[in-house]
Amino acid sequence: NHIIAEAAGVLAAAATWPALFPRGSHARKATRILAREAHLQVSSDGVNREQSLSYHGFVLELLTSAAAVHEPARTALRDVLARMAAFLDALCCDTDEPPEIGDSDHAVATGILPRDAAYYRRVIAAARGVCAEPDAQAFDAITSPVFWYAGVCSAPESAPPPRAFADGGYVIWNGIAEDDLPVKFCVDAGPLGLGTLAAHGHADALALTLHVNGEPVVIDPGTYAYHGEPAWRAYFRGTRAHSTLRVGGADQARMDGPFLWGRHYHTQLLHAVASEDQFDVAAAHDGYARRFGAQHIRHVAWHPLQRAWVITDTLDARRALPVELLFHIHPRRTVNQLSEHAVEVRGAHYRLVMTLPPELAWRVAVGESEPPLGWHSPVLGEKEPCPVIAGAGTLDAGQPLVTTWELQRIDGGA
């Protein structure tokens, strides 16, 4: 993203002060760099390879800014802008709190679009407006910062269809699960991050997030720290801070520094069916192959008649291994333990009943520090306790762990 930011800055300077760049070579070179880096840093289906939602929005705003000030850049970047906007829309529609996958420092490209709850929607609107070359007629649109990019005030509000972003590594289901309850379910089967550093990626292979009625329920806990608090930096980017399976008390990749990963894992999307009434996904990663001789395979299936998701985790391994299975819950949701192997999560007009695999011992952890578990970071530098449904035990090779999430509409709030 640094190269993209620098090239976008050169292009903005050349467009703003053309007398200082009379030959036009700086603008042409900056446009070539932007087109090349967009190809390298964005997957064919529009996912930023940093594997960070925050940096996805930041880079999309940078590219939109370049396209807005220079017509050749708009021509070169139109397709990638449309693809990036489509992925961002899939994650952000119908909620003000999308899953903050990967690092998040709330950076903005220009300051024209403020970094508030509507930031991602404004970036989508600006990118699509620049791509579509809208006719700016309405005077009242000047009240929106998006107008300065595209001559439009907002983008149409409608949830995109369920979709597998197979190259980028995400499968996202936006649908209606129970009595008109809107649901967003995301499976993260993406790589660790961009390049050899994977600087802003987290070790979150096969992690799940869930939104119901616009509320985050099963979450990505965020980032909290970049520098100065290495233990917390390690926790929030580590596997234990994500809703996935942890093996042998280890992360899926090796941390070699606060912005450096070693021994990257590889992910594989084995199959994905995502439609209005179907969601069936299987994916695997090899992050534990070198150390433990194990591959984690996760299968997620939506059963519409039961209004339930069935999540099956298995280890393709040579021996039994110690594991943790973790589901991180938003701090504003209420968690009640119903029995030894069942919990409910309550939100606005719904409850999610989780039936947990009896092979593990289960507890609800909140705000633990030694070692850290049960924390949510809404913005960089802030953290708050949150519930984590945590199961621990020994898993035999090939033995399935089956978790069921059943969604029910209820009267009243959380």
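**Entry 1: salt bridges**

I began with a network: R240, R246 and E324 are linked in it by salt bridges. I note at once that this model is predicted. R246 forms a salt bridge with E324, and their closest N and O atoms are 2.9 Å apart. R246 sits in strand β6 (residues 245–247) and E324 in strand β13, so the pair ties together parts that are 78 residues apart in sequence.

Are these two residues buried or exposed? I checked each one. R246 has 15% relative accessibility and counts as buried. E324 has 13% and counts as buried too. The cut-off I used for buried is under 20% relative accessible area.

How many salt bridges does the structure hold? I found 16. One of them joins D167 to R49, with the closest N and O atoms 3.4 Å apart. I then looked up where the partners lie. D167 is in the loop between β1 (163–165) and β2 (170–178), while R49 is in the loop between α2 (25–41) and α3 (53–69), so this pair ties together parts that are 118 residues apart in sequence. D167 is partly exposed, with a relative accessible area of 36%. R49 is also partly exposed, at 26% relative accessibility.

I looked up another pair, D116 and R122. Their salt bridge has its closest N and O atoms 2.9 Å apart. D116 is partly exposed, with a relative accessible area of 37%.

**Entry 2: helix α7**

I turned to helix α7, which covers residues 230–237. Which of its residues are buried? My list reads W232, R233, Y235, F236 and R237. I then asked what covers the buried residues of α7. The cover includes β7 (254–257), β8 (260–262) and β13 (321–328). It also includes β18 (368–369), β19 (372–373) and β20 (375–376).

**Entry 3: strand β4**

Strand β4 runs over residues 208–212. I found it mostly covered, with five of its five residues buried. In a regular strand the side chains alternate between the two faces of the sheet.

Which strands pair with β4? Strand β3 (residues 181–188) is joined to β4 by five bridges, and the two run antiparallel. Here F185 stands opposite L210 in β4. Strand β5 (residues 215–218) is joined to β4 by three bridges, again antiparallel. There H211 stands opposite P216 in β5.

I also looked at the turn. β4 and β5 form a hairpin with two residues between the strands. N213 takes a positive phi near 55°.

I followed a run of paired strands. Strand β10 (residues 279–285) pairs with strand β11 (residues 295–303) in the antiparallel sense over six bridges. H285 stands opposite H296 in β11.

From β11 I moved on to β12. This pair is antiparallel too, over nine bridges. A301 has V310 in β12 as its bridge partner. β11 and β12 form a hairpin with four residues between them. In the turn, R307 has a positive phi of about 50°.

D313 stands opposite L401 in β23. Strand β16 (residues 350–355) is joined to β23 as well, by six bridges, and the two run antiparallel. L352 has L407 in β23 as its bridge partner.

**Entry 4: the largest pocket**

Rolling a probe the size of a water molecule over the atoms shows where empty space is left. I looked up the largest pocket and noted a volume of about 450 Å³. Its lining has 26 residues. Which of them lie nearest its centre? They are E97, P98, E100, H106 and P378.

I sorted the lining by class. It has twelve nonpolar, seven polar and seven charged residues.

Methods
Residues numbered from 1 in each chain as written. Predicted model: local features only at pLDDT ≥ 70, side-chain atom pairs only at ≥ 80, totals over all residues. Heavy atoms only, no water. Buried < 20%, exposed > 50% of the residue type's maximum accessible area, 1.4 Å probe, protein only. Contact = heavy atoms within 4.5 Å. Pairing = 2+ DSSP bridges. Salt bridge = Lys/Arg side-chain N within 4 Å of Asp/Glu carboxyl O. 1 Å grid on protein atoms, 1.4 Å probe; cavity = no way out; pocket = protein on both sides within 12 Å on 5 of 7 lines; lining within 4 Å. Points joined across faces, edges and corners; volume = space filled by probe spheres on them. Nonpolar A, V, L, I, M, F, W, Y, C, P; charged D, E, K, R; others polar.
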